[in-house]
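Visitor: Could you walk me through this model, starting with how its helices pack?
Guide: Gladly; let us look at it together.

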Amino acid sequence: MYSTSMLRRFFFFNAAAASSSITPSSSTTTITSKKKSLVFLGSPQVSATVLDALFNASAAPSSSFEVTAIVTQPPSRRDRGRKVMPSPVAQYALDRGFPSDLIFTPERAGEETFLSNLRALQPELCITAAYGNILPAKFLNIPPLGTVNIHPSLLPLYRGAAPVQRALQDGVKETGVSLAFTVRALDAGPVIARERVEVDDQIKAPDLLALLFSEGSKLLICKLPSIFDGSAKVNAEPQDDSKVTLAPKISPEESWLSFDEEALILHNKVRAFAGWPGTRAKVLVIDDESSNNHNILELKIITTRVGSNDKIRDNDVHDIAFIKDALVFPCGGRTDLEVLEVQLPGKKVTSAAAFWNGLRGQKLKTL
C-alpha cells in the first residue's frame with residue numbers, strides 16, 4: 001500500500017521532471033510543429049469520458065492537436081478510506097499509457113511550481129471538465145487560445161458547483177451542456193455552443209451527469225477546429241446576466257426528507273441527491289398499537305415515484321402502507337410518495353417488498 005506522499009511524488013510533475021521531459025530529445029513529450037498543444041483538466045469518472053474523446057480525436061490522421069499534459073486532483077482515500085488512489089482521470093490516463101510525469105496533481109492550481117512547469121509546455125489551449133479547483137488569473141493567462149470548460153447546464157442557468165443536482169431538484173424537463181470560455185467570474189464566460197437534452201422524470205443525477213458529459217464530449221470535438229482557428233472566440237455569445245440562476249454546493253444537512261412537502265418535491269430531491277449525499281428519512285416502527293414499544297428507524301431512500309393519488313387512505317394520515325411493489329408514504333397536499341428501494345444503515349440496497357417482509361407485521365408511520 002502506498003502512502004499519500006508517495007503517490008503524490010509519483011504523479012506530481014516536479015521541476016526536475018519538467019526540465020528533462022520537455023527537452024527535444026524526449027520521445028514521450030516532444031511537441032511536433034504540426035500539432036497544437038492541449039492540456040486537459042478533470043478529475044471524476046465523467047471527466048474521463050471527455051479525456052477519452054480527446055485521446056481518440058487526437059489519434060486521427062487528420063488531427064491538428066495532441067494532449068500534452070493532464071491536470072487532476074491529488075490521490076485520495078477511497079473504498080471507505082482503505083486505499084490511497086489516483087483520481088479516475090489519472091487512472092484512466094495511465095491505463096491508456098499516458099506518461100505519468102505529465103500528470104499534474106497540484107493541491108491548488110495557483111501553485112508556482114505547477115504553473116512554471118505548465119508554462120514550460122507552452123499549451124495553446126486548456127480544456128476543463130469537472131476539474132474541481134478554482135483557476136486563478138495567472139493560470140488563465142498561460143494558454144493563448146484560452147481555457148474552455150464543459151459545463152453541464154444551459155448557461156447562464158445553473159452556474160455553480162451542482163448544476164445537475166439543482167436542475168433535477170427543480171424538476172426541469174429540459175437541461176443541457178454548454179461549452180464556454182473560462183473567466184475569473186464563476187461560469188460566466190462567453191458561450192461557444194450549447195446542446196439541449198430532455199430530462200426523463202425518473203433519471204437520477206449520476207446518470208444525467210454522465211449523459212451530459214457524453215454529449216459535451218461530442219460537442220467539444222465538433223467545435224475544436226473553430227476554437228483552434230480563433231473563430232469560436234470571435235463568435236462566442238456573452239451570457240445574459242439577467243437570466244442567471246445559481247446551483248450552490250449541496251450540504252449533507254439537505255439530505256433529510258420532510259413528508260410535510262408534496263410527493264413531487266420529494267421525488268425530485270431523491271433523484272437530485274442520488275449518489276451523494278443521498279436522501280434520508282426517519283420512520284416510526286410500531287410493534288403493537290396498544291403498547292409503547294416504538295422505535296425510530298433511519299432509512300436511506302434510494303428510488304421513488306410519485307403516487308397516482310387513487311390509494312385508499314387509512315384513518316391515520318401518518319400510516320405508511322405497502323401496495324404492490326412500493327412503500328406508500330403520505331405527503332403534503334394529500335399526495336403519495338411511492339418508495340421502491342431503501343437502504344438501512346450499514347446494509348445493502350433492498351427492494352421495498354423485501355424490507356416490508358422483514359418487518360414481520362410491524363407497522364410504519366411517518367414522523
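Guide: Val46, Thr49, Val50, Ala53, Leu54 and Ala57 in H3 meet Leu209, Ala210, Phe213, Ser214, Ser217, Leu220, Ile221 and Leu224 in H8, where contact means heavy atoms within 4.5 Å. This is a predicted model, in which local features need pLDDT of at least 70 and side-chain atom pairs count only at pLDDT 80 or more, while totals for chains, interfaces and linings use all residues. Residues are numbered from 1 along each chain as its sequence is written, and side-chain values use heavy atoms, with hydrogens and water left out.

Visitor: How many charged residues does the contact of H3 with H8 have?
Guide: Ala, Val, Leu, Ile, Met, Phe, Trp, Tyr, Cys and Pro count as nonpolar, Asp, Glu, Lys and Arg as charged, and the others, Gly among them, as polar. By that scheme the contact of H3 with H8 holds eleven nonpolar residues and three polar ones, and the number of charged residues is none.

Visitor: At what angle do H3 and H8 pack?
Guide: Helices (H or I, at least four residues) and strands (E, at least two) are DSSP runs, numbered from the N terminus. Axes are lines fitted to C-alpha atoms, for helices over the stretch in contact, and angles run from 0 to 180 degrees between N-to-C directions. For H3 (residues 45–58) and H8 (residues 205–228) the axes are 9 Å apart, and the angle is about 25°.

Visitor: Which residues in H4 does H3 meet?
Guide: H3 and H4 (residues 88–95) pack with their axes 8 Å apart, at about 35°. From H3 come Gln45, Ser47, Ala48, Leu51, Asp52 and Phe55, and the residues they meet in H4 are Pro88, Val89, Tyr92 and Ala93.

Visitor: Where is the place of Pro277?
Guide: Most residues other than glycine have a negative phi, and most peptide bonds are trans. The bond from Trp276 to Pro277 is cis, with omega near 0°. Pro277 sits in the loop between H10 (263–272) and E10 (279–286).

Visitor: And the other cis bond, from Leu155 to Pro156: what is omega near?
Guide: Pro156 lies in the loop between E7 and H7. The peptide bond that joins Leu155 to Pro156 is cis, with omega near 15°.

Visitor: Which residue other than glycine has a positive phi near 50°?
Guide: Look in the loop between H5 (112–121) and E6 (125–129). The residue there with this positive phi is Gln122.
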